[in-house]
Amino acid sequence: MSRGRRSSAVDAGGAADSEESDDEGSDDEGGGDGEGSDDGPATTERVTRRGVETGRWDGIRGAALALVGVGVIARRPGLVLLGAVGVGYALYASVGEAPAATLDVTRTVSDATPEPGDEVTVAVRARNAGDAPVADLRLVDGVPPALEVVDGPARIATALRPGSAAAFEYAVRATRGEHEWEAVTAITRNPSGSRERTTAIEPADPARVVCTPELAAGGDLPLRGLTTRYHGRMPTDVGGAGVEFHATREYRRGDPLKRVDWNRRARTGELATVELREERAATVVLLIDARESAYAAPEPAAETAVEASVGAAGQAFRALLDGGDRVGIAALGPVDCWLAPGAGSAHAARGRDTLATDPALAPTPSGDRFYRSLWLRRFRRRLPADAQVLFFTPLVDDAAASIARRIDAHGHLVTALSPDVTAGETPGERLVGFERRERLRELRSAGIRAVEWDGESFPVAVARATNRWSP
Amino acid sequence: MVRPLVALGVAAVAVGFVAAVDRGVASALDPSETVVTLIGALGVVQGLRYANARRRRRREAAAPGDPERRAPAAVPGADLDERIERATGPARGGHRARRQVRERVRELAVATVARERNVSVEAAERLVETGDWTGDATAAAFLARSSSYPVRVRLRAMVTGRSRYEFGLRAVVDAIRRAEGERGAGGAEATPEADR
């Protein structure tokens, strides 16, 4: 709500030409410095990061003095005069301080909740709220690290008189996640460029884009024979009501008539009851590797393993929920993330939100430290006893494989689903690829199912792998 | 040391300004060839000294970076490549890096041999040790204790100016891939069934 109001206010301001906004500015901000105007909508926060001497005119004094000296020795007035020009430049360089960037910055995004792949236009408008002109101003916007600018640079170089404004626009391509813009960096210099000041300007309304992909159903997902007492789709070894034949046993009083084996009764005269394989629901926790090492890709600009894992987990989540299973989500990483297993449409919405915007699954690593044993203890405490784990991990280090084995050792059936993000160019990349395959084999020989996919879609890989498995 | 020099300079400038206005003071100065040349030489020396001192100072400028690009993802193996670079280059610490990389490759080769030839890990270690695990002499020499690189490789290393280690490493990587038989882990491997 507040976002809408603010952006409209900005639009009104933006429509005004710089001449008009001159007047507006002096009315609005009066104080000049604009340090948090009393009740105005824009309370731009400014922090001076650093002020330096650029050294651009270094040596001009020495050169001028040497020129004068040469002129004197050679008795050439022309050279002495030339030296005087150098002295003029030296004076010019030493005059003036880099002006403070007393700017009011507003930033608006065209769509706060785009679909993945949409282009979002970002408009930035900066108004000089101070009394002094800014002769040399460079503004660089703090685009979120996971977003790529597809149209126009996210920066501008300009000069601003007091009260006048400059604006620029650029477009970013939306990707999964919650993206918050960082501060605008303003670099101001004095006219000669000898002094420079860098200021971080936090616009009053921090722009934010939330991009939540739809969960596509990903076909059928292989589960293992650990189930709950709820009815569902997983065939079990328990006889009872169901579809598939399981066994026959002696008739007991109270057995339903339709399950009596009449053929046998006709043949031998004994009453027997047919038992069918009971189908029950499973509890599944989708565990996504989001440690810093999982933010890896075959190329620096390619999709990371975390993105691939989250995409696949979304398909698995939908498929399992549709199949009547209870599904939860957890992240293996420094930031805590836990969605307890559940079912129903409200749970589906929660799961979609978790996969899209949970900070633990952010598109760029958080940078915090990860404590494995602490994480494992907490995860085991939360994990329901009858839950099985689908572990999405690129398996690019030994820790992931060892965690899979540890969870398996605690009696939870683990299936490792591994996007292949290794490249095959240099010897180092190839060796890491070999090591990863070795880890997959070790997991398999330890009785943990493993599926890897690379390039092909996740459901195709799962279907191909499932053919090899017995139920 | 600096103070008297500064005082002298300020005094000289003051006299100069006064001389520009007052002819009396100007005529009191000795305008001879030597004195003027001396003053000029002083100016040149001082100017060059000044300019030179400033030349070494670093230029500073704010670098706002590249916010338009996406944060680059890490490529698995890039750190290992860096270590290999250090191992093959002339940099210090190369010996340790060489040993670490070789150990890592050896473990991989032993695991591959043990699996593909269906032998125990000890037997695979022996095979790698003696160099009998592969037909490639260069790869064998990289991991073996006794055998040495073929003459062909030694010559090539000498001509190209690169280290034998580099040739050996590439050969080993190729040999491991051949031993694996080009087959991905997701391929036709039997999966042990361990449903409980």
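**Ground rules.** The model is predicted, so I kept to its limits: local features need pLDDT of at least 70, side-chain atom pairs count only at pLDDT 80 or more, and totals for chains, interfaces and linings use all residues. Residues are numbered from 1 along each chain as its sequence is written, chains are lettered from A and ligands numbered from 1 in the order in which they are written, and side-chain values use heavy atoms, with hydrogens and water left out.

**Where the chains touch.** I looked up contacts (heavy atoms within 4.5 Å) and found 73 residues of chain A and 60 residues of chain B taking part. On the chain B side, α3(B) gives the largest share, 13 residues. That side divides into 27 nonpolar, twelve polar and 21 charged residues; here Ala, Val, Leu, Ile, Met, Phe, Trp, Tyr, Cys and Pro count as nonpolar, Asp, Glu, Lys and Arg as charged, and the others, Gly among them, as polar. Helices are DSSP runs of H or I with at least four residues, strands are runs of E with at least two, and both are numbered from the N terminus.

**Salt bridges across.** My rule was a side-chain nitrogen of Lys or Arg within 4 Å of a carboxyl oxygen of Asp or Glu. Between chain B and chain A I count six. One pair I noted is A:Glu435 with B:Arg104, whose closest N and O atoms are 2.8 Å apart.

**Salt bridges inside chain A.** Over all chains the count comes to 36. A:Arg107 and A:Asp141 pair at 2.8 Å, N to O. A:Arg107 lies in strand β2 and A:Asp141 in strand β4, 34 residues apart. Are these two buried or exposed? A:Arg107 is buried at 4% relative accessibility, and A:Asp141 is buried at 1%. (Buried means under 20% relative accessible area, exposed over 50%, partly exposed in between, with a 1.4 Å probe and protein chains only.)

I then turned to A:Arg173 and A:Glu119, which meet at 4.0 Å, N to O. A:Arg173 is partly exposed at 37%, and A:Glu119 is partly exposed at 48%.

**Cores.** A nonpolar core is a set of buried Ala, Val, Leu, Ile, Met, Phe, Trp, Tyr and Cys residues joined through side-chain atoms within 4.5 Å. The largest has 35 residues, and those with the most contacts inside it include A:Leu286 and A:Trp453. Its largest share, nine residues, comes from α6(A). A second, separate core of 33 residues includes B:Leu80 and B:Tyr149.
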